[in-house]
Amino acid sequence: MVLFLLERLSPHPVDESWRCLTDWPRHADVVPLTRVTVLTPPPTREGTVIVARSGAGPLAFDDPMEVVTWQPPRDGGTGTCRLVKRGTFVTGWAEIEVRPAADGGSQVLWREELRVRWLPRAADLPLRWAARWMFGRALDGLLRRD
């Protein structure tokens with residue numbers, strides 16, 4: 001099991017950063033070899049189910065997640081989303097928090113606890129490194145304006 005925290009400052013206001021981070025299908029644009037499907041009808045709310053299918057061919061796996069906390073930012077305030085990973089291979093949770101920053105932009109916190117079944121404890125350090133790199137890259141890509 002690995003636990004990590006990513007923090008970014010975004011020039012975008014809170015509402016825009018929130019939209020960028022919670023546009024679930026867009027996550028596939030920044031995570032290689034991944035397709036994201038939202039199984040429940042919009043809008044996102046508690047109970048929304050998202051499946052990220054990662055990998056290729058026989059090495060692909062599903063990472064189903066359920067939104068268990070959904071508190072979008074209001075009036076430029078803080079927004080919080082918590083997803084619980086409900087897969088058979090990858091479990092844990094992720095939290096996305098977007099706060100207003102002093103310069104009119106926003107501060108983004110991404111916390112994640114990640115467990116990969118059948119992976120020995122000795123793999124925790126490399127898994128933490130790889131997860132921080134991969135999710136950091138994804139976070140940067142999601143916050144970039146297209």
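Is Lys85 buried or exposed? Lys85 is buried, at a relative accessible area of 8%. Buried here means under 20% relative accessible area, exposed over 50%, and partly exposed in between, with a 1.4 Å probe and protein chains only. This is a predicted model: local features need pLDDT of at least 70, side-chain atom pairs count only at pLDDT 80 or more, and totals for chains, interfaces and linings use all residues. Residues are numbered from 1 along each chain as its sequence is written, and side-chain values use heavy atoms, without hydrogens and water.

Start with the overall layout. The protein has three helices and seven strands. Helices (H or I, at least four residues) and strands (E, at least two) are DSSP runs, numbered from the N terminus. From the N terminus, their order is β-α-α-β-β-β-β-β-β-α. The radius of gyration is 15 Å, close to the 15 Å from the globule rule for 146 residues, so the protein is as compact as a globular protein of that length. That radius is taken over C-alpha atoms, and the rule is 2.2 Å times the number of residues to the power 0.38. The C-alpha trace spans about 45 × 35 × 25 Å along its principal axes. Of the 146 residues, 47% count as buried. Among contacts (heavy atoms within 4.5 Å) between residues at least 6 apart in sequence, 46% join residues at least 24 apart.

Leu5 sits in β1, residues 2-10. Leu5 is partly exposed, with a relative accessible area of 43%. Beyond four places in sequence, Leu5 touches Leu109, Trp110, Arg111 and Arg132. Its C-alpha atom lies 9.5 Å from that of Gly136, 131 residues away along the chain.

Six of its eight residues (14-21) are buried, so α1 is largely enclosed by the rest of the structure. The buried ones are Val14, Glu16, Ser17, Trp18, Cys20 and Leu21. Ser17 counts as buried at 0% relative accessibility. Its side chain makes a polar contact with that of Ser106, at 2.7 Å. A polar contact is a pair of N or O atoms within 3.5 Å; within protein, one must be able to donate a hydrogen and the other to accept it, and residues adjacent in sequence count only if both atoms are side-chain atoms. Leaving aside neighbours within four places, Ser17 also has Ser10, His12, Val98, Val108 and Leu143 among its contacts.

Turn to the largest pocket. Its volume is about 590 Å³. Of its 29 lining residues, Ser54, Asp63, Lys85, Met134 and Phe135 are the closest to its centre. A pocket is an open set of points on a 1 Å grid over the protein atoms alone, where a 1.4 Å probe fits, with protein on both sides within 12 Å along at least five of seven lines; lining residues have an atom within 4 Å of a point. Points are joined across faces, edges and corners, and the volume is the space filled by probe spheres set on them. Helix α3 gives the largest share of the lining, six residues. The lining divides into 22 nonpolar, four polar and three charged residues. Ala, Val, Leu, Ile, Met, Phe, Trp, Tyr, Cys and Pro count as nonpolar, Asp, Glu, Lys and Arg as charged, and the others, Gly among them, as polar.

Return to Lys85, in strand β5. Its side chain makes polar contacts with the side chains of Asp63 (2.9 Å) and Glu112 (3.4 Å).
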